[in-house]
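Subject: Structure handover

Hello,

Here is the structure for you to look through. Please keep it open while you read my notes below.

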Amino acid sequence: NTSEARKYFQRNMEINDVVNRDAQFIGNIHLGQIYLLQDNNLVDSEILLSNAMELNLAEIKNGSLDRSFPFNIAGVYAIRGNPNEAIRWLDKAIDINWVDYYMLTHGPWFISMRKHPELLKRIDLLKSKMKKLREQSSSL
C-alpha cells in the first residue's frame with residue numbers, strides 16, 4: 001500500500017534526526033521512489049535520492065566495507081531509470097559478498113528492471129552462490 005508507506009516514511013523522516021547524516025537510513029530512498037513513481041514529484045524525489053547517494057558514496061570513500069552501501073547506490077540508479085549504472089554498482093556489492101537477491105526479486109527499488117537480462121544474470125549468480133553456501137554449511 002503506497003499511501004500507507006508514504007505516511008510511514010514521511011513520519012519516520014520527521015522524527016528521525018539522522019535522516020540527512022546516516023547512510024544506513026534508507027527511508028529517504030524509499031520515499032524518493034514514491035515521490036518519483038507515484039507522485040511524479042521530480043524535485044523532492046531528486047533531493048532525497050541525491051542525499052542518499054552522497055551519504056552512501058561518502059561511506060565508501062571513507063573505507064567502509066559495509067555491503068549495503070554499493071547496493072543502496074545501485075538502488076538509487078535503478079529508481080532513476082539508469083540500469084547500466086545500477087548493474088555496475090550491483091556488481092560492486094556482489095564483489096564484496098552482498099548476496100540478498102530477494103531484494104532484487106521482491107524489493108521495490110529494482111521493479112523497473114525485473115526483466116532486464118543483466119539483472120537476471122546477477123540473480124542467477126546470487127542464487128547459485130547461496131545454494132553453495134547452504135551446502136557448505138550443512139556439511140559442517
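One definition to begin with: a residue is buried when its relative accessible area is under 20%, exposed when over 50%, and partly exposed in between (1.4 Å probe, protein chains only).

This is a predicted model, so local features need pLDDT of at least 70, side-chain atom pairs count only at pLDDT 80 or more, and totals for chains, interfaces and linings use all residues. Residues are numbered from 1 along each chain as its sequence is written, and side-chain values use heavy atoms, with hydrogens and water left out.

**Helix α2**

Start with His-30. It lies in helix α2. (Helices are DSSP runs of H or I, at least four residues; strands are E runs, at least two; both are numbered from the N terminus.) Is His-30 buried or exposed? Its relative accessible area is 15%, so His-30 is buried. What does His-30 touch? Leaving out residues up to four places away in sequence, it touches Phe-9, Pro-108 and Trp-109. A contact here means heavy atoms within 4.5 Å.

Leu-36 is also found in α2. At 19% relative accessible area, Leu-36 is buried. Setting aside neighbours within four places in sequence, Leu-36 is in contact with Asn-41, Leu-42, Ser-45 and Ile-79.

In α2, 10 of the 11 residues are buried, so the helix is largely enclosed by the rest of the structure. Among the buried ones are Gly-27, Asn-28, Ile-29 and Leu-31. What do the buried residues of α2 pack against? They pack against α1, α3 and α4.

**How the helices pair up**

Look at α2 (residues 27-37) with α3 (residues 42-61). They pack at an angle of about 155 degrees, with their axes 8 Å apart. That makes α2 roughly antiparallel to α3. Axes are lines fitted to C-alpha atoms, for helices over the stretch in contact, and angles run from 0 to 180 degrees between N-to-C directions. Angles under 35 degrees count as roughly parallel, over 145 as roughly antiparallel, 65 to 115 as roughly perpendicular, and the rest as oblique.

The crossing of α2 and α3 is left-handed. (Left-handed: the near helix is turned anticlockwise from the far one by less than a right angle; right-handed: clockwise.) On the α2 side, the contact includes Asn-28, Ile-29 and Leu-31. On the α3 side, it includes Leu-42, Asp-44 and Ser-45. By class, this contact has 8 nonpolar, 5 polar and 1 charged residues. Ala, Val, Leu, Ile, Met, Phe, Trp, Tyr, Cys and Pro count as nonpolar; Asp, Glu, Lys and Arg as charged; the others, Gly among them, as polar.

Next, α3 and α4. Their axes come within 9 Å and cross at roughly 150 degrees. They are therefore roughly antiparallel to each other. This crossing is left-handed. Leu-49, Ala-52 and Met-53 are among the α3 residues in the contact, and Ser-68, Phe-69 and Pro-70 are among those of α4. The contact divides into 11 nonpolar, 3 polar and 1 charged residues.

Then α4 (residues 68-79) with α5 (residues 83-95). Here the angle is about 165 degrees, and the axes are 8 Å apart. So α4 and α5 are roughly antiparallel too. Their crossing is left-handed. Residues of α4 including Phe-71, Ile-73 and Tyr-77 meet residues of α5 including Trp-89 and Leu-90. The contact of α4 with α5 has 10 nonpolar, no polar and 2 charged residues.

**The cores**

A nonpolar core is a set of buried Ala, Val, Leu, Ile, Met, Phe, Trp, Tyr and Cys residues joined through side-chain atoms within 4.5 Å. How many residues has the largest one? It has 26, and those with the most contacts inside it are Phe-71, Leu-90, Trp-98, Leu-104, Phe-110 and Leu-119. The elements giving it two or more residues are α2, α3, α4, α5 and α7 (117-138). Helix α4 gives the largest share, 7 residues.

Phe-71 touches Leu-90, Ala-93, Trp-98, Met-103, Leu-104, Trp-109 and Phe-110, not counting residues up to four places away in sequence. A second, separate core of 7 residues includes Phe-25, Leu-31, Ile-34 and Tyr-35.

Best wishes
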